[in-house]
Structure formats: C-alpha cells, structure tokens
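The questions below go through a structure one part at a time.

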Amino acid sequence: MTSPSIRLGVLALPALVVFVAFWLLPMARLVAVGAGGPRGVAAYAAIVTDANYLSSLVSTVVLSIVVTFATLVVSGIAGMFLQRNRFPGRGLLVSLLTFPLAFPGVVVGFMVIMLAGRQGLIGSVTDALFGSKLVFAYSIAGLFLGYLYFSIPRVILTVMAAVEKLDGALEEAARSLGANGWQVLRDVIIPGLRPALISAGAICFATSMGAFGTAFTLATNINVLPITIYTEFTNYANFSIAAALSIVLGIITWAALAFARTLAGSTVAAAA
Amino acid sequence: MDDNAASVRLAGCAKTFPDGTQALKPLDLDIAAGETIVFLGPSGCGKTTLLRIIAGLTAPDLGGRVYFGDDEVTARPIERRNVGMVFQSYALFPNMSVLDNVAYGLRVRGVAGAERRAQAQRLLEMMQLGAFGERRIDQLSGGQRQRVALARALAVKPRVLLLDEPLTALDAKLRESLRVEIDRLLRSLGITSVYVTHDQGEAMALGDRIAVMSHGRVEQIGTPQDIYYRPASAFVADFIGTMNRVTGTRENAVLRLPGGALTLPSHAPASEHALFRPEDVRIVEPARGALRGTVVSAFFLGNLTRVVVDLGGAQSVIVDTLLRRSFAKGEAVGLDVDASSILVPGALRNAAGERAD
Amino acid sequence: MMDRRSPRFYAQLAFTLVVCAFLVVPVVMSVLAGLSQNYFIGVKSGLTLRWIGVVLSSYSGSIGLSLQIALACLAATLVLGVPMAYVLARHPSRVTRLFEELLVLPVAVPGLATALALILLYGEWRGFRASWLFILVGHVVFTLPFMVRSVLAVMAAMDLVTLEEAAASLGAGFAKRFFGVIVPNARYGILAGALMVVTLSVGEFNITWMLHTPLTKTIPVGLADSYASLRLEIGSAYTIVFFVMIVPLLVAMQWFAREPTPARPRLHGR
C-alpha cells in the first residue's frame, strides 16, 4: 500500500509537469528574451519611457476601464431585472443574452463590423436618416463596442447569480425602516452585490486588456497594447520588446485579478 | 402607553397566491393600541402572510383593508407605514456598523448625523449594547444581533412593531432570556406589537392575546388562559400543550372507560369523548382512583415526571406528576381527574370547522 | 412584491430588450448575409447555400482540425485535471493552494503572452512547431484550469473523506475508490468542465493565431482569414458554420448549469 502523500504527489504530477513544461518554462524564456535585446533590462521600462508604448498602454487601460464600468452598469441593470422578474419570454431572453458567451474575439469583431462597419446597420440607418454614413467599427470606438459585446453576457450571468443569493429580508428591513427604492439600491443591494461586481469587473478589465482577436479583426492599426505587441513581434521581429511588453501586460492583468480577489474577499473566477 | 402606538384593524383581508393557494382566508381582526398579539400556528398556517399584510410587504386580495388607527394604509407600501420589523434572520446590514444599523431608519428620514447617532446610542444602551456601537455585525453573537435588530426597529418610533419569529434562530437558553427581555421591553414601551411564532411557550409568555392559526384561518383568539383552558376547537386543544383524549360509553354525566369511569362536568354535551391535560390527572392508590391502569413508561424530566398509563382497550393516558417517586413498568396505579378539568368535545369545533360528533 | 407591473418594470424591460438587440441583431444580420446571393442587395437577391458550400469545401480542413484539437484537448485535460482536482480537494494546504494559483496563471495572463512564450522556447523545434500538437499544448494549458475548477467545485461540495472511508471500509482499494466512487460522484463537475473545455478550445483565437501555420488552421483562424480577405458573404457563411458547431455545446452547457432557480417569487417560502 502506497503512502497517501506519495499517491497525492503521483496524481498531481502529470498536470504539474505539463504546466511547467508548456507554460512556466516558456514564460521564463519570455522574461529572459525581454531582457536579452539591445535595450537589456531597460526593455521592461520601455512601456513608460517610450512615448509610443506609453500611449498604447494608456489607451488600452482607459478603454478597459470604460468598458468595465459600462458593462457593469448595463449588465447590472439587465441582470437584476431578469433575476427579479418573471414574465413570459424571460427564459428566451436569458438564452439570447447569454448566447454570445462562447464567441471568440474574431467573431465579436465581425459582429461589430455588422453593426458599425462600412456596410453595417448603423451606417445604413444614419445614411437613410441624415444622408451620411456613421462608420466607427475600425477605430477604438468599434473596439469599445466589441468588448462590451464580449463582456455583457458573462457579467449578466454573474449578476443574476449574485442577485439570487441576496438576502431578501435585508431589503425588506431597509424598506420597513422607511428607505425608498433608491436608498434600498444604494444601501443594501449594491453593497450586497459588491463582491460579485468587483470580481466580474476585474475579469472584464483583464479580458479587455489582453484581448487580441477583436482588435485584429477590426483593424491592425488600433493603438492598443496587444496589437502593439503583435506588430512588434511579427512586423518588426522585435522579439525582446514584444516579450517585455507582453510580460508587463501579463503582470497588469494578473494584478488586476489578484487585487479584485483581495478586495472581494472571495475567489475571482478566471477570465475566459 | 406609547402615544405613537396605533391600533390595527384588518377588514376582509385574504391572500391568494398566483399559484392558487389560499394562504389566508378572509379575516377581520382588531388589535388594540399598545396590545401585544401573538399569531401562533404550525408552519404554513398563514401567520407570516398575515404579518406581511400588516407590514405592507404583501398586498391583501382585492377588497381587503388595513387600518392603522383611523388611517387606511392598504395601498401604502411598507416604507410609508412607519412600522418596525424584526426578522427571524435578524436582517442586519452587514455593510454597516451596529450603530449605523440602528441609526439607519433615522438616516433615511433625514435626521442630522449627531442627533441620529445620539438616539441610536440611547437605544443601544437600553438594550445593554452601549459599548458595541462601532462593532461589525459579524462580531456579534446571535442574541446580541437580535437585540440590535430590536433596537433598529424601535429607533424609528414605529406605530406598530412586527416580530417575525424573532427567537427561532437562537438556542434554547438564549431564547428564554431574550423572551424575558422582549416581554419587559414591550410592556414598558406600551407599543402595539404583532408577534409571529410557532412556539407556544413564547406565545403564552408574551401575548396579551393569542390568535391560534391553522390552514389560513384563525381558529381561536383570546388570552393565553382562554386558549389553554378553554380551547375552542379540536385543533387548538391538540396544538396547545398536551391533551389526553379518551373514548368510552356515555351514561348521563359519567363516561365509562375500560379502566373505570370519569365523572363529567354537569351539562356536558352528548359525546363519548373526554379531554383533559396531563397535569390535571392525579396518581392515587389503585383501589381509590376513578380509573385504574398499569404504567407503560415513565420519564423523569426534572421538575416533574411524565407517566404513560395504559387503561386497557388500547387507550392510554399521559400523566404529569410532581410525586417524588419512581414508577416501574407494569405497576398498577389509580388515576383521578376533577370534573371541572374535563372538556367534552361536543363543545368544540373540529379542525374542519364543523361541530364534532 | 408589488402585484401590478410598475412603469419601472417596463423601463427595465425595454432596456434589457435593447441590450438583447445589440447582441442578437448582428448575429441575425450575419446569418442572413451568409445565406443571401448578394449582401449589398439583401435577402431579396435570393437565398442560397452557395457560400456555405464554398466554406465547407475550402475550409473543411480547419473544421476537422478544430474538432481534432478540441477532443485531444478534452482527453488531456481529463487525464491531467481530474486527478489534480482530487488532490486539491482531498488535501487543502498551502502547497496545493499554490498549485491552484499557478494553474490559473495561463488564464490570468493574456493568451498572446503565452503564445509568444511557447514560440520563443519551442519555436526552433521545427517538427513540433509545425504540427497541430503545438496548438494543442497551448489549448491544454489554457483550458486545464477550467476543468480543474469545475471538478474541484463539485468535489469540494461532497464529503470526500467520509465517502472514501466508507468505500475503504467495504474493502475498496484506491483505484476502485477513485474510479468507482469519486469519479462517478464528480460526474456533473467533469461534464460541465468537459463542455467548457471543448467550447473554449473550438473558439480559441488569442493563442492559436500565433501558434498556427498555414497547414494548421483552426476555425477561428479561418474565420479571421475570411473576414480579412474574402467577400462578406463567405465570412458570414463561415460564421454560420461556427454557430452551428458552437450552439449545441452552449445549449448543453446552459442545460447543465441549470438556470438559477426562480428568485424569491415569494420570500420565506410560505
């Protein structure tokens, strides 16, 4: 009979070996390559010292923050509504809202083109109404729309699950003390949803920071960090900068998730 | 009496849920200002629905009306009824300190910060929690939480205080001491209180009146003594305390049983049943009792001994005795019951509301 | 709860419908585009399966490869992930928590970084670099945490120790206990994890785009190709093919996750 701890080790070993061989060691190599270019270790500082990279970082962070807040507001309202009300067609509505959950970034990009592209819906409507086509798919506004599209279904599901777990007696208690609808929302519901909103928001932020497919589909000249990394790597064969930038990007997304986890006090589920 | 306290009147209040279940049958009820009324019944009897209709959390079916004093409040949601409510789960806000919880009702009423903190602090002191104001809710014990919940409900000077099984989540010992505290508080404040429980001990101890409920209907409403000694229905008789029920053959004022005969009260209705409480049975020498039987089992409970006596003919009687002796299985005993302690169920409605027998 | 629908209800319903339209309208548009003769004229140009046919004939390789990678990825995450989840559930300690933290890193860090790292370390191994296995390892490290977490959630909720002790008291050795008691009881977690892994693998782009070669194209890579270079109808038709593949997975996943039970239609369940 083998000792239990040896058995546990044997069971955990395959996953650990694969993880070390195909993620940890490659990452170590990435870190080394980042420091091994002409700039040396200073490549890691390039993201703030080099105006191009800095502007790329700033626009990515700003875009991600705006997307995160917009998603939380939109999904918060819709998720709360769907969880709190029963009406005919509700199940269908929930299914439709969560259908895009499995769309990869490229498909999301295509959806944005359908909406706001040169032959898109918004363009034809504005053309018919005002005689000029509104086309914004191939810019950072299109990216915003795409990340919103990508994030809304996930956050709606999180909000619905969190609303379901709210203690209804708390709201009744607040109302019994005279609180009106807004006061109940401010003092009971939002504090109750806080952990879920923080973790969903962190995932949304991290995903927007690192997403590549949507931007790639819309235009390869949008100034966001993943695209910058991609161009450095493929167009300029600037491996060390690409490596350094992607390490910095990875640290930002990881830190956002870790920070949210300490803030929310519960496990922040991994981003998809 | 609290001059803020309002009487409560329900007129024709019923509640049918969308799935068709009738949680509450049409009911008229008057609660006097300053009175403590207890809704008592098993789960699903409609007592919580009734409380929620008074609170304004559930609307009665069309036609039902709720009055606080002369004020009709039927259409008013809970936040505009000025009630205080205490929940079984405490429902304290976890994102606020103890003091902020108690002050919350004053805050939404726009009372200035210093004033509302002072008022909240006074209430906490009244509940012997003066030193706990800055604590977080999760740093309090269950009993402390329930006292905070009470302080919070009282802070808004409610016209009616509503308590929904406030002690159920506590352990037995704490329940007892908090019950005494609530009783003292309700009496000293003179506030109109509606208290929902399934625990008859709580109901007996706290209620000026008790409304015993079953299947959405009030079976009986009266003082604790009324309910206990003069149950109006078979349900109430069975639900409150322990009741012996024996069946025999009737000969005028005497009921012949396998183990002897019971003398019934004069003018007892025609019935072959008799009901009496275990504590109204005396154990005597076998030869001297009105009934004779043998001991089936005996449980020493500390303050009394509960003895189950077999009368023969598959009938048994539960006896609570203060006698400081032990009882052996198979021991022959005699039993006596005063005629005045016996209820003859012809006078009772059965659970379905028709007259029994 | 209020018995009558308030204006606020209708305002929120309208808002939710707008959100739903935002998500669904482009899907409908792309489906129509993929089925019309000519998108610029619209559906009145006539419906056709021509574009779908073009996609199926020219991209059948990518569809097959995606399925192949997804199934291989599923097999790998089952073999690696279920025992790992068991270890994490059975023996919670600082070390196992570290394992869990580490395993999640490939998800917390952008796929682009993972892909670059793999290329920089293994890119020189030509045979490996050019094979579909290169994409597979990327998918495996990315999807493994989802399998582990899904199984772990179920295992953590069941009393593993007691179950195992009961099985052992009846004479079951470890292998019997693992395959006869633990795995069957964790089956819903395993199934949910499996659906997740397959769905993620089929749709993965961030890592795959960097790792693919002209001979190893998956569906999302093909989609990006078609969006960039082919006419809109073909891109749309390709998107339809992707939807058709992904919808059954999504439906199964939603069915498993079971929609949250009705929220307090009545409080305190009377």
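**Strand pairing in chain B, then chain C**

Q: In this predicted model, which residue in S9(B) does B:Phe39 stand opposite?
A: The model is a predicted one, and the pairing at this position places B:Phe39 across from a residue of S9(B). The two strands concerned are strand S3 (residues 36–40) of chain B and S9(B), which run parallel and are joined by four bridges. The residue opposite B:Phe39 is B:Ala211.

Q: In which sense do S9(B) and strand S10 (residues 217–222) of chain B pair, parallel or antiparallel?
A: Five bridges link S9(B) with S10(B), and one bridge partner pair is B:Met213 with B:Val218 in S10(B). The two strands form a hairpin with two residues between them, where B:His215 in the turn has a positive phi of about 50°. The sense of the pairing is antiparallel.

Q: How many of the six residues of strand S9 (residues 209–214) of chain B are buried?
A: A residue counts as buried if 20 or more other C-beta atoms lie within 10 Å of its own. By that count S9(B) is largely enclosed by the rest of the structure, because the number of its six residues that are buried is five.

Q: What is the radius of gyration of chain C?
A: Chain C has 12 helices and two strands, and from the N terminus on its elements run α-β-β-α-α-α-α-α-α-α-α-α-α-α. For its 270 residues the globule rule gives 18 Å, and the computed value is well over that, so chain C is more spread out than a compact globule. Along the principal axes, its C-alpha atoms fill a box of roughly 75 × 70 × 30 Å. The radius of gyration is 23 Å.

Q: Which element gives the most to the side of chain C that touches chain A?
A: Across this interface, 75 residues of chain C are in contact with 77 residues of chain A. Several helices of chain C give two or more residues to this side, including helix H1 (7–35), helix H2 (50–90) and helix H12 (232–257). The residues on this side divide into 58 nonpolar, 13 polar and four charged. With 14 residues, the element that gives the most is H1(C).

Terms used: Residues numbered from 1 in each chain as written. Chains lettered and ligands numbered in written order. Predicted model: local features only at pLDDT ≥ 70, side-chain atom pairs only at ≥ 80, totals over all residues. Contact = placed C-beta atoms within 7 Å. Nonpolar A, V, L, I, M, F, W, Y, C, P; charged D, E, K, R; others polar. Rg over C-alpha atoms; globule rule 2.2 N^0.38 Å. Buried ≥ 20, exposed ≤ 12 C-beta atoms within 10 Å, placed from the backbone. Pairing = 2+ DSSP bridges.
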